[in-house]
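Visitor: I would like to learn how to read aromatic contacts and surface patches in a model. Could you take me through them here?

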Amino acid sequence: MTIAILFQISEKSFWGDLPTWGLLLVGIVGAWIAIRTLFDIREQTRALINSERAWIMVDVERVPGMGGITDLSGTEMGVGPVRTEGTGFRARIVCRNDGKAPAWITEKRACLDIVESIPESPDWTRTNLIQAAPEPLSVGQVSKPTDETLICKRGRALGKMTILYGIVKYRDPFGENRSTSFGYQVRDDGSLERLPNLEYNENT
């Protein structure tokens with residue numbers, strides 16, 4: 001008699017929990033579908049914004065009529081005269097808006113460096129501010145060239161390369177913290193070759 005009662009109670013308890021488990025399962029599936037839907041909406045919104053936003057592209061060349069790399073030398077006074085070396089390059093930076101919305105350039109930075117190999121990531125602390133005044137750029141517009149003498153306080157040496165890199169920061173109606181980085185290897189004759197590293201050619 002006791003065994004039969006316990007069996008009935010156990011059976012009733014087991015089957016009685018099934019609706020609860022079913023509701024829990026439905027809730028989990030519903031939550032997953034909702035999260036997935038929100039993720040898809042976010043990706044679609046991002047794709048839509050990317051198709052309509054501003055995209056600032058940056059090209060760098062040597063200033064026409066100027067030579068290639070310039071070797072610099074001088075002296076500094078300390079305990080006695082100390083000979084110093086440096087490297088200079090006259091660069092022209094041109095921006096264009098390849099997007100579908102107007103943009104406002106807020107900052108341009110660039111630097112020249114002598115390295116044994118290309119660093120994996122740009123060292124932005126080495127860049128110099130070359131423009132801080134706001135510059136509007138309408139759709140399809142090419143900016144007025146920015147000519148700048150970039151100087152590295154290192155002399156060229158056998159086995160090392162000269163690189164030029166920088167970043168242009170801007171905003172558009174869809175965002176305030178956009179940027180385009182650029183990076184080049186500078187040849188002795190003043191010609192420039194794009195660096196293959198992604199972080200030196202990145203649009204955000």
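Guide: What follows takes up the aromatic pairs, then a ring with a charge over it, then a surface patch. Keep in mind that this model is predicted.

Visitor: How many aromatic pairs does a search of the whole structure find?

Guide: In general, a pair of aromatic rings is described by the distance of the centres and the angle of the planes. Here the search finds two pairs.

Visitor: What is the geometry of the pair of Y165 and Y200?

Guide: Y165 and Y200 are also edge-to-face, at 5.7 Å centre to centre and 85 degrees between the planes. Y200 lies in the segment after β10 and Y165 in strand β8, so this pair ties together parts 35 residues apart in sequence. Both tyrosines are buried. W124, Y165 and Y200 form one aromatic cluster.

Visitor: Which residue lies over the face of W55?

Guide: R53 does, at 3.7 Å from the ring centre.

Visitor: And which residues form the nonpolar patch on the surface?

Guide: L25, V29, W32 and I33, with about 430 Å² of accessible area together. V29 lies in helix α1, which covers residues 2-52. V29 counts as partly exposed because its relative accessible area is 42%, between the cut-offs of 20% and 50%.

Definitions and conventions:
Residues numbered from 1 in each chain as written. Predicted model: local features only at pLDDT ≥ 70, side-chain atom pairs only at ≥ 80, totals over all residues. Heavy atoms only, no water. Patch = residues over 30% accessible without salt bridge, like charges linked within 9 Å, V, L, I, M, F, W, Y side chains within 5 Å. Areas by Shrake-Rupley, 256 points an atom, 1.4 Å probe, with all protein chains shown as cover. Salt bridge = Lys/Arg side-chain N within 4 Å of Asp/Glu carboxyl O. Helix = DSSP H or I, 4+ residues; strand = E, 2+ residues; numbered from the N terminus. Buried < 20%, exposed > 50% of the residue type's maximum accessible area, 1.4 Å probe, protein only. Phe/Tyr/Trp six-rings, centres within 6.5 Å; stacked < 30°, edge-to-face > 60°. Lys NZ or Arg CZ within 6 Å of the ring centre and 35° of its normal.
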